[in-house]
Amino acid sequence: MKWMVIVALVLPAWSSPCSSTAGRDGEEGLCHVQHGALGTDLLLRCDAPGGRVEWRVNGTKVAASEAAAGGDKDQLLLRNASLAQEGEYSCQHPGTGKTLRRIRLRVGSPPEKPAVECWAVSYPQTVNCTWKLASEPRLETYFITTYRHGMGAKENECVQPWAGASSCSISDIQMFSITPYVLNVTAVNPLGATMNLFPFIVEQIIRPDPPEDLRVSPIPGESKKLLLAWQPPSSWPFPQYFPLKYLIRYAREGANSNRTIGPYEQTSFILTGIRPRTVHHVQVAAKDFTDYGDYSTWSPLVSGTPWTQP
């Protein structure tokens, strides 16, 4: 419940003027932003004295139709709002042509529940979380990201790299805690807000980045062997204290399937029994040595050919 109160407090003033036009609200007019949901009926108000006005959109008179009603009154009803109805509306005095009010209409959708995932790619220093919306709301949407270590604990910020980012990081990590962390990602735009609470145990979401600097080299005098060597991912901060294990996936040029071997603890390996004079493609994946979490994605493909007699 506390999270919902915070959301209500930080909603921005979507009704603030959208134009730098100087002057009174009338003679030149301030342009006011109005947001509406796709597929709903929207009511634009002029609040003109006397009640009768002329409505225009992008400078063209609004004619009565199935999509719009009340074009000569101080309220304009737009039925079943669509993207085609976005634009700058104005209401004008029918006799003098004086602009009484301008409204910039933007149409979109409330944000859907964010789909969240978190991975400890830099264990034990940091947990990185990302999220995405199932569909584009077409309106400026930002995210409030906080977390707790247990539902009743103090709330902290999950730090986003920039405003409007779809990722955040948690650096205050307690190792081997059986109390779950709970990340709250709340999406907010002018039409509403929705949240997703994502619980996790840090050790269960360990997933290193792929190994780096993979090299595939011939071995002089060995026509059926290749030397593989790689480095732990640079994002893995303490490989000497939190070692990784590795899978190797390889295939010869033109083969219909790969072969996967391992895991191995070292960062080099000699492939044996491979076909001479043939290009072989190799990738490596990493996982926490104690088997927590998941394997990384595969490293970029690197190719090599065994030594051949000069």
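Start with a quick one: are Cys-158 and Cys-168 buried or exposed? Both are buried. Buried here is under 20% relative accessible area, exposed is over 50%, and partly exposed is in between, with a 1.4 Å probe and protein chains only.

Some ground rules. This is a predicted model, with local features needing pLDDT of at least 70, side-chain atom pairs counting only at pLDDT 80 or more, and totals for chains, interfaces and linings using all residues. Residues are numbered from 1 along each chain as its sequence is written, and side-chain values use heavy atoms, without hydrogens or water.

Confidence next. Mean pLDDT, the predictor's confidence in each residue from 0 to 100, is 88 for the protein chain. Of its residues, 88% reach 70 or more. Over residues 1-28, pLDDT stays under 50.

Of the 310 residues, 39% are buried.

Now the disulfides, meaning cysteine sulfur pairs within 2.5 Å. The whole structure has three. Counting bonded cysteines along the chain, the pattern is 1-2, 3-4, 5-6.

Cys-46 pairs with Cys-91, S to S 2.0 Å. Cys-46 sits in the loop between strands E2 and E3, and Cys-91 in strand E7, so the link ties together parts 45 residues apart in sequence. Cys-46 has a relative accessible area of 5%; Cys-91 has 0%.

Cys-118 bonds to Cys-129 at 2.1 Å. That pair runs from strand E9 to strand E10, 11 residues apart.

The link is right-handed, with 90° about the S-S bond.

Last, the cores. A nonpolar core is a set of buried Ala, Val, Leu, Ile, Met, Phe, Trp, Tyr and Cys residues joined through side-chain atoms within 4.5 Å. The largest has 42 residues, and Val-127, Leu-183, Phe-200 and Leu-271 have the most contacts inside it. Strand E9 gives the most to this core, five residues. Domains 2 and 3, bounded by an automatic or database assignment, each supply at least three.

Val-127 is in contact (heavy atoms within 4.5 Å) with residues including Cys-118, Cys-168 and Phe-200. A second, separate core has 16 residues, among them Leu-42 and Val-62.

Definitions and conventions. Helix = DSSP H or I, 4+ residues; strand = E, 2+ residues; numbered from the N terminus. Lists of a residue's contacts leave out its neighbours within four places in sequence.
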